Structure formats: structure tokens, C-alpha cells
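Biologist: I'd like to learn how to read a structure like this one. Could you walk me through it, starting with the ligand?

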Amino acid sequence: MTATCPRSEVKRSPWIAIATLVALLTGCAGPPSVPGESGPRYPPRASPGVVFVPTPPDVGVEMLKLAGVTNNDLVYDLGSGDGRLVIAAAQLFGARAVGVELDARLVQDSREAAIKAGVADRVTFIWGDLFEVDLRPATAVMLYLTAAMNLRLRPRLLADLRPGTPVVSHGFDMGEWTPDRSVRVFSPDGARQLNLWIIPARVQGSWAVSVTMPDGELKATAILEQNFQRVTGVLRTPTEVAPIVEASLRGDAIAFSATVGMKPGPRTIRLRGLVAGDSAAGMAEVTGGLAIEPGRWTARRAPG
Ligand SMILES: C[S@@+](CC[C@H](N)C(=O)[O-])C[C@H]1O[C@@H](n2cnc3c(N)ncnc32)[C@H](O)[C@@H]1O
């Protein structure tokens, strides 16, 4: 949690012991001193790939709204500048929030601003490199970086964030990972593009599927190809291979259809459900002629 970390204390060697004690007592993660050195120890830092350019306040609010931030969220702003998005997340949305910033002076300004805004108990500012921070606790991520930094960050976002986590980027894209939604917002100095991605569950691979309906059970193998949130593939039954169509994946919510020649004739199976690691389950609809039969389905990822 944030606490006041007086800037001057880490600059003057006679006060280093006091500064260290204050930092320890307050939990401040500011620049620490090291024994035998006369000044603060600044950890090796990557040079910033982007300098501080603040998001206008109204655009920041739209970023948080686009991510659907609520008071249950832990919002991360990677490259948090003067802390404005982190503070807005806490002040206006009741969320907890974490800012990660390379520039120690901006981290200090952010901590002071959070105290002034009365949200110091809900926010944390980490003085560090956003590429080295543990992202796993985040439930929403804000970015205002560059296209190159977004691309470098992309594998970490996909690997470390839980399916369904929203990631919003002010101004920049993520290469071939197309946004789930883009909006243009207008602020006094012009229009801005905001992009939203929802972290998709990992569904690539073979799944043993069982569809239970009033008149019996269908066992099949769904072989899924995944390209970010896009899913294609086939449904293999003991007698045929049918293409998977109308597939969608949003976070952990998956849906797809396939038409197979089940008795008493061709029937379209539509499966909707949730993926949880190596298993999935949900509601099935089987359409043959005019009849629509409801059922349930479960699936387990096939080993290998
Ligand atoms: C364009 S500013 C955005 C600030 C804030 N997020 C906002 O929207 O107002 C980008 C910030 O990222 C910081 N930054 C750049 N590279 C970084 C890195 N590797 N780790 C942490 N912060 C970084 C810069 O110092 C700068 O403050």
C-alpha cells in the first residue's frame, strides 16, 4: 500500500539510515540504499521505450469503463506515469489498483497524489520495469505505451492473465491479435482510439466431448485450432468428421456448432459453455428438422 516516501531522504547520505527505517516501517517500495554506498541503489533499468505522456482524464475514465472495471477489480496500469489511471480506478470505480513505473520521480508524485486523493489505502505504486512485474494478480490491465512495447508484452499477457481479463490500450494495437472491441473517444485535443482485448482461454488441442440429450449420448472428439480468440477445427464422431462453424471464444466462454449425421438424420449440434483449464461444460442444443432438443455437454482435454 502507498505511504509517503520523502524524496529528499534517499538523496542525502546522512539520512540514509533514517530513510531506510522509514521505508521499512511504511512499506514504501521506493529506491533503497545499500550498505557501503553513499547514495540510493537504483536497480538496473531498461531505458523507457516511451516517455511520460499523460492520458487526458476523460479518456482515462473511458479506458476504465471499456474494461468494465468495478470495485471488485485489481487494475494494473503498466507504465503508470503520474498515477492518474490508478488513482481514477480507485477514486471513481472503487477498485484497488497498482501502477508500475520506471521513473522514480513519477512514482513519488503518484504516491503523493494518491494520498491527496484519499485513496492511498487502495493503490500501490511499484518503482520498476513493467516487463519484470508479476501480472498474475491483475483483473484488468491498462496500457498507454507503444505498438512495439505492446507486442513485447503480448506473450506475458496471454500466459499470465486469467481468461476473461480485459486489457485496454490507449492508441496502440497488438499486431495480429485483433481487439475484441475498439472505440474512438473525443477529448479536447482530438480523437483517441481505445482497444480492448479479452484474454482468451487456451483451447488449442483435442477434446473428448460427450453430449447428453434426452434420446441418448453422442461421443465425439473436437479438434480445435486457436489463433488468439479465433477458433476453428473439426468434430470427429465414430463415423464422420464435421467442420466446426460459428465458433466464438470470449475469455472462458466458448461456443461452436457442427452438423453431423446422427440418427434419425443430419442434426446441428450447438454447444455453449465455459472452459476451466483442461475441462469444459455447458448447454447443448441439437436441431434436426423443426425440433430443437436441449441437452448438456462436457469435455476433457485429451492427453498430449
Ligand atoms: C505514455 S506514458 C502513460 C502514463 C499513464 N499510463 C497514462 O496513461 O497517463 C508511459 C509511461 O510508461 C513509463 N515506462 C516506459 N517504459 C517502462 C518500463 N519498461 N517499465 C515501467 N514504466 C515504463 C514511462 O516512464 C511513462 O511514464
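Predicted model: local features only at pLDDT ≥ 70, side-chain atom pairs only at ≥ 80, totals over all residues.

Biologist: How far is the polar side-chain atom of Glu-101 from an oxygen atom of the ligand?

Modeller: That distance is 2.6 Å, so the pair falls within the 3.5 Å cut-off. On the nitrogen side, the side chain of Asp-129 has an N or O atom 2.8 Å from a nitrogen atom of the ligand. Leu-102 uses its backbone instead: a polar atom there is 3.2 Å from a ligand nitrogen.

Biologist: How much of the ligand does the protein bury?

Modeller: The ligand taken alone exposes 600 Å², and 98% of that is buried by the protein. It is surrounded by 24 residues, and the closest are Thr-55, Gly-79, Glu-101, Asp-129 and Leu-130.

Biologist: Now the rings. How do I tell whether a pair is stacked or tilted?

Modeller: Look at the angle between the planes: under 30 degrees counts as stacked, over 60 as edge-to-face, and the rest as tilted. The whole structure has 2 aromatic pairs. In one of them, Trp-177 and Trp-197 have ring centres 5.9 Å apart and planes at 45°, so that pair is tilted. Trp-177 sits in the loop between strands S5 and S6, while Trp-197 is in strand S7, 20 residues away in the chain.

Biologist: And why is the pair of Trp-177 and Phe-228 classed the way it is?

Modeller: Their planes are at 10°, with centres 5.7 Å apart, so they count as stacked. Phe-228 lies in the loop between S9 and S10, so this pair ties together parts 51 residues apart in sequence. Trp-177 and Phe-228 are both buried, and Trp-197 is buried as well. Ring pairs link Trp-177, Trp-197 and Phe-228 into a cluster.

Biologist: Which residue lies over the face of Phe-131?

Modeller: That's Arg-152, at 3.7 Å from the ring centre.

Biologist: Last one: how should I read the strands?

Modeller: Then follow the partners. Here S8 (residues 205–213) pairs antiparallel with S9 (residues 216–227) over 9 bridges, and the two form a hairpin with 2 residues between them. S8 also runs antiparallel to S16 (residues 291–301), joined by 6 bridges.

Conventions:
Residues numbered from 1 in each chain as written. Heavy atoms only, no water. Pairing = 2+ DSSP bridges. Helix = DSSP H or I, 4+ residues; strand = E, 2+ residues; numbered from the N terminus. Phe/Tyr/Trp six-rings, centres within 6.5 Å; stacked < 30°, edge-to-face > 60°. Buried < 20%, exposed > 50% of the residue type's maximum accessible area, 1.4 Å probe, protein only. Lys NZ or Arg CZ within 6 Å of the ring centre and 35° of its normal. Near = heavy atom within 4 Å. Polar contact = N/O pair within 3.5 Å; in protein donor to acceptor, adjacent residues only side chain to side chain. Areas by Shrake-Rupley, 256 points an atom, 1.4 Å probe, with all protein chains shown as cover.
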